[in-house]
Amino acid sequence: PFLLETLFSSRHGLLSWTPVLWGAFLGFVPLVRWRPALGLPLLGPVLVMTYLNACSGDWWAGGAFSNRRFDGLLPPLAISLAASIEVLRAGLRRWPRAALVLLALPFLAWNGTMGALAHRGELPKSDTVAFEQLAGGAARVVADRAGSPPTWPASWIFAWRHDRPPAQYDLLVGRYLFYRQANLGGRIPLGTPGDEVLLGEGWGERTEREGVPARVLEGRARLFAPLDVPEDLEVRWRFAAEAGPVEIVVHVNGHAAGRFRVEGPWAAHRQRVGARYWRRDLNDVVLASAGGRALVASVEVLRVNALPGDERGMRER
């Protein structure tokens, strides 16, 4: 099951698009404890339908607002949400000062993000600033530091697994090279605006050579190849050397998968990478260069079984 994606992804994740349902899911804890005869029969369908929806081929439910496949669970979730509200009400009765803290927290957070924007030099120099500009800046500060709150804890797990900022989770997870609608068509862009979504650490600046957008490679750099299933793939690279010859070694998920010698202007290089190198979800593709700076253009990835017969046979030979 695509459990974290179904619940937390910015691609119609249930809890990221409808965060009030956090209270509904958590509310089953007090509901089962206080009224097990009611809570346990309601909890079973919620768990089963959540699992089934996460196993769906298009776990994002097409063009749904939030995830429409959970609509049938709204009655039991309403009851568990009422249990969460009751817990909150009892807590405020017992600790009334907590209400003041809850009221103050948004204002403290706003003040803190404004200070962070000023420290980063991102506040305009003029005396007047539009609210949407301040709100967008505040959201960027929070996302850069801790990721998007509705995607917690999935964005933190992503950051821990892939050693990337949690904010990258929002735009990266839910994309696929080939899978279903709105896929990337097997293309990993390099050198174009927005290419950082699929890039890891180590890349140099965007540039252009002979009209071809590219990224500078010097040393070690990583990019992500998101797949729905591991399979045999052909990776088509375009490299150019800035000066002398450059040796480039390609690693896929920690395994050496190929080596190229790059000299002079743009040249195409094709590489067959078997299914054993790949995994479902995000794959680490690392390029390591030695001997100088190279330029890397957009990467084309093709399914071997989808290649025309003559071309596939040539690659296999």
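**Exercise 1. Charges over rings**

Find the ring that the charged end of R11 sits over.

*Solution.* Start at R11: its charged end sits over the ring of W60, 3.7 Å from the centre. To count, NZ of Lys or CZ of Arg must be within 6 Å of the ring centre and within 35 degrees of the ring normal. Next, look at R280, which lies over the face of F2 at 4.0 Å from the ring centre. Both rings, F2 and W60, belong to a cluster linked by ring pairs, together with W59, Y176 and Y179.

A word on the model: it is predicted, so local features need pLDDT of at least 70 and side-chain atom pairs pLDDT 80 or more, while totals for chains, interfaces and linings use all residues. Residues are numbered from 1 along each chain as its sequence is written, and side-chain values use heavy atoms, without hydrogens and water.

**Exercise 2. An aromatic pair**

Describe how the rings of F8 and W22 are arranged.

*Solution.* Rings of Phe, Tyr and Trp (its six-membered ring) pair if their centres lie within 6.5 Å; planes under 30 degrees apart are stacked, over 60 edge-to-face and the rest tilted. The whole structure holds 13 aromatic pairs. For F8 and W22, the centres are 5.9 Å apart and the planes make 40°, so the pair is tilted. Now place the two residues: F8 is in helix α1 (residues 3-8) and W22 in helix α3 (residues 21-26), 14 residues apart. Helices here are DSSP runs (H or I, at least four residues) and strands are E runs of at least two, numbered from the N terminus. Finally, F8 is buried at 6% relative accessible area, whereas W22 is partly exposed at 29%. Buried means under 20%, exposed over 50%, and partly exposed in between (1.4 Å probe, protein chains only).

**Exercise 3. The faces of α9**

Which residues of helix α9 (residues 154-162) are buried, and where do they lie around its axis?

*Solution.* List the buried ones: A154, S155, F158, A159 and H162. Viewed down the axis of α9, they fall within an arc of 140° (taken from the directions from the helix axis to the C-beta atoms), so they line one face. Just after α9, D163 takes a positive phi of about 55°.
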